[in-house]
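Hello,

Here is the structure for your files. My notes on it follow below.

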Amino acid sequence: MKHKYTHNKDFQCKHCHYLVTADTQYSGVINRNHCPYCLHSLHVDLYEAGDRLNACKAKMQPVGLTLKKLNKKYGKDQHGELMLVHQCTECGSLSINRIAADDDAEAILAVFARSSNPSPEFLTACEQDGIHLLNPEDARVVRARLFGWDDDATASG
């Protein structure tokens, strides 16, 4: 199945200036929109991933992690895909983005650590956008999604 948007191309990160490949063989995602090194993005999509229609075009900084919501009647709370939460440095808009296969795991963990004590205003903004920000109690889930293991499984075996 061909994706309907074909605006995906290699780019230079506006934050760390590394050259980023949009090749799906490296990233594992169809619409590459953030740097795998510093995890910053640009505010480019308006209605859906890959449309590149947003006029803002400002930098978006990684501000936290969340889990993709599952629309399964009997789905468990902690079973969604790990996602980055980005916030626009100009308009304050929030968005969630898939973590790509080539994203730096240490950078992801650093974002998670920095988001451990969010302001009440930021939490309210997340709630209004339907984003459940992961907190320090979710560290086991984050490690399991990033590395495929958890502390209890490795300690017992």
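The structure holds zero disulfides (a disulfide being a pair of cysteine sulfur atoms within 2.5 Å). This is a predicted model, where local features need pLDDT of at least 70, side-chain atom pairs count only at pLDDT 80 or more, and totals for chains, interfaces and linings use all residues. Residues are numbered from 1 along each chain as its sequence is written, and side-chain values use heavy atoms, with hydrogens and water left out.

Cysteine 56 is partly exposed, at 28% relative accessibility. Cysteine 88 is buried, at 4%. (Buried is under 20% relative accessible area, exposed over 50%, partly exposed in between, with a 1.4 Å probe and protein chains only.)

Leucine 46 sits in the loop between strand 3 (41-42) and strand 4 (59-67). Strands are DSSP runs of E, at least two residues, numbered from the N terminus. Leucine 46 is partly exposed, with 42% relative accessible area.

Now the largest pocket. About 640 Å³ of space lies in it. Its lining has 26 residues; closest to the centre are Asn33, Asp45, Ala49, Ile96 and Asn97. (A pocket is an open set of points on a 1 Å grid over the protein atoms alone, where a 1.4 Å probe fits, with protein on both sides within 12 Å along at least five of seven lines; lining residues have an atom within 4 Å of a point. The volume is the space filled by probe spheres set on the points.) Strand 6 gives the most to this lining, with five residues.

Best wishes

Methods
Helix = DSSP H or I, 4+ residues; strand = E, 2+ residues; numbered from the N terminus.
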